[in-house]
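The sequence and structure come first, and the text follows.

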Amino acid sequence: MRAPSGLLGPRGPLPLALLCLLAAARGSLADGQPSVSPLTSLPIEEERITKYSNLSLESHNVPPTVSPLTSLPIEEERITKYSNLSLESHNVPPTASPLTSLPIQEEMLTKYSNLSLESHNISLTEHSNVPVEKNITLERPSNIELTCQITISRGVNSVNVTWKKGDELLENYLTNATGCILYAQYMFTIISSKQMGSYSCFFGGEKEQRGTFNFKVPEIHGKNKPLITYVGDSTVLMCKCQHCSPLHWTWYHSNGSVQVPIDVQMSEKYAINRTNANETRLKIMQLTEDNQGSYWCHAVFQLGESEERIQLVVLSYLVPLKPFLGIVVEVAILVAVILLCETYTQKKKKHIDDGKEFEQVEQLKSDDTNGVENNAPRHRKNESVSQ
């Protein structure tokens, strides 16, 4: 049996199984039913992928698989789709080159745009022998912009610029040169007490120059000299913060090395006045000598804490009499010494007078004796003449 014309393969008649498949396909076409080939056409495959690709992407959040030969527009679209999420989630600004422009990059501060901006500057010279420091008081979270500038006579490219927080090396700072002036700028945000401290800019060259910004919370002020009161009186201790409002005030008492919080609700001896947010007053009633010692007022801010010490001295009413008693004793001693001197002088003078009187008596006696002896020869001479 010969194969029909047109059904011969390259080397002979087609196999019988293939002929059977062709016959079955012709029969189904004759019945009006389309035949599905094992090799599905491309439009049907695309329709099935499109039908289920969205479900796969939504359920697993996985982008469609890209072949190694993906076209560049599709790759750029995918990078653009996720690049913003990456930058926002990590809040990492692009690394600045050593000679970037000086203007502020606002995108670095977008996350904390509701915070106020604090700008501070330090000017240095290449021949300065003393580092320049600037103290900055910060009460609440803020965006910070620090700028150091140095005037250099030689080329600015020979100067190495670095920023440090304490001993930690900082990155992502901006530099710019205008003529013989070199600028170094560092921008960041302070939102907690861990970010407070000292930030320094270094200009390295023949002689390193340094400028330091010291960030600290506001200081509170009390009475510098000891407060002196007396037993039984009442006194008021006050602490105040200029141009600031602490979140909370606390009082402590220490009569040694241990600070004990003062609880006004547990003792009627103390009363705290909180009329103004920027000051606190502690009233102590019925003072005793046990109440003397050091009192600490403690202020809590969003970025740290500050405290001040007040020394209280409680005296008894006998204490003011001590100087008077001392004066009385001194006067009594002086009077006694004077009286003793007078008595001694009088006795000595009387003794001298008695001695002089005795000498005069003796002299008179001797004179009388001499007078009697002289008269005796005269009587004898007269008697002889008369005879």
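Predicted model: local features only at pLDDT ≥ 70, side-chain atom pairs only at ≥ 80, totals over all residues.

## The chain as a whole

The protein chain contains 17 strands and four helices. It has 387 residues, of which 25% count as buried. The accessible surface of the chain comes to about 28,000 Å², and carbon and sulfur atoms account for 56% of that surface. Contacts between residues at least 6 apart in sequence were also examined: 67% of them join residues at least 24 apart.

## Disulfides

A disulfide is a covalent bond between the sulfur atoms of two cysteines. The structure holds three disulfides. With the bonded cysteines counted along the chain, the disulfides follow the pattern 1-2, 3-6, 4-5.

C148 and C201 are joined with an S to S distance of 2.0 Å. C148 lies in strand β3 (residues 142–151) and C201 in strand β8 (residues 197–204), so the pair links distant parts of the chain, 53 residues apart. The torsion about this S-S bond is about -90 degrees, and the disulfide of C148 and C201 is therefore left-handed. C148 is buried because its relative accessible area is 0%. C201 also counts as buried, at 0% relative accessibility.

A disulfide also joins C239 to C297, with 1.8 Å from S to S. This pair too links distant parts of the chain, with C239 in strand β11 (residues 235–240) and C297 in strand β16 (residues 293–301), 58 residues apart. The link of C239 and C297 is left-handed, with -80 degrees about the S-S bond. C239 counts as buried at 0% relative accessibility, and C297 is buried with a relative accessible area of 0%.

The sulfur atoms of C241 and C244 are 1.4 Å apart, and these two cysteines form a disulfide. Is C241 buried or exposed? At 0% relative accessibility, C241 counts as buried. C244 has 5% relative accessibility, which places it under the 20% cut-off, so C244 counts as buried.

C180 has 40% relative accessibility and counts as partly exposed. C341 is partly exposed as well, at 45% relative accessibility. Both values fall between the cut-offs of 20% and 50%, so neither C180 nor C341 counts as buried.

## Salt bridges

Side chains of opposite charge can pair when their charged atoms come close. How many salt bridges does a search of the whole structure find? The search finds three salt bridges. The table lists the pairs with the distances between nitrogen and oxygen atoms.

| E139 | R140 | 3.6 Å |

In the pair of R140 and E139, 3.6 Å separates the closest N and O atoms. R140 counts as partly exposed at 45% relative accessibility, whereas E139 is buried, with a relative accessible area of 14%. The value for E139 is under 20%, which means that E139 falls in the buried class.

E219 is partly exposed, with a relative accessible area of 46%, and K216 is partly exposed, with 33%.

How values were computed. Residues numbered from 1 in each chain as written. Heavy atoms only, no water. Helix = DSSP H or I, 4+ residues; strand = E, 2+ residues; numbered from the N terminus. Buried < 20%, exposed > 50% of the residue type's maximum accessible area, 1.4 Å probe, protein only. Contact = heavy atoms within 4.5 Å. Areas by Shrake-Rupley, 256 points an atom, 1.4 Å probe, with all protein chains shown as cover. Disulfide = S-S within 2.5 Å. Salt bridge = Lys/Arg side-chain N within 4 Å of Asp/Glu carboxyl O.
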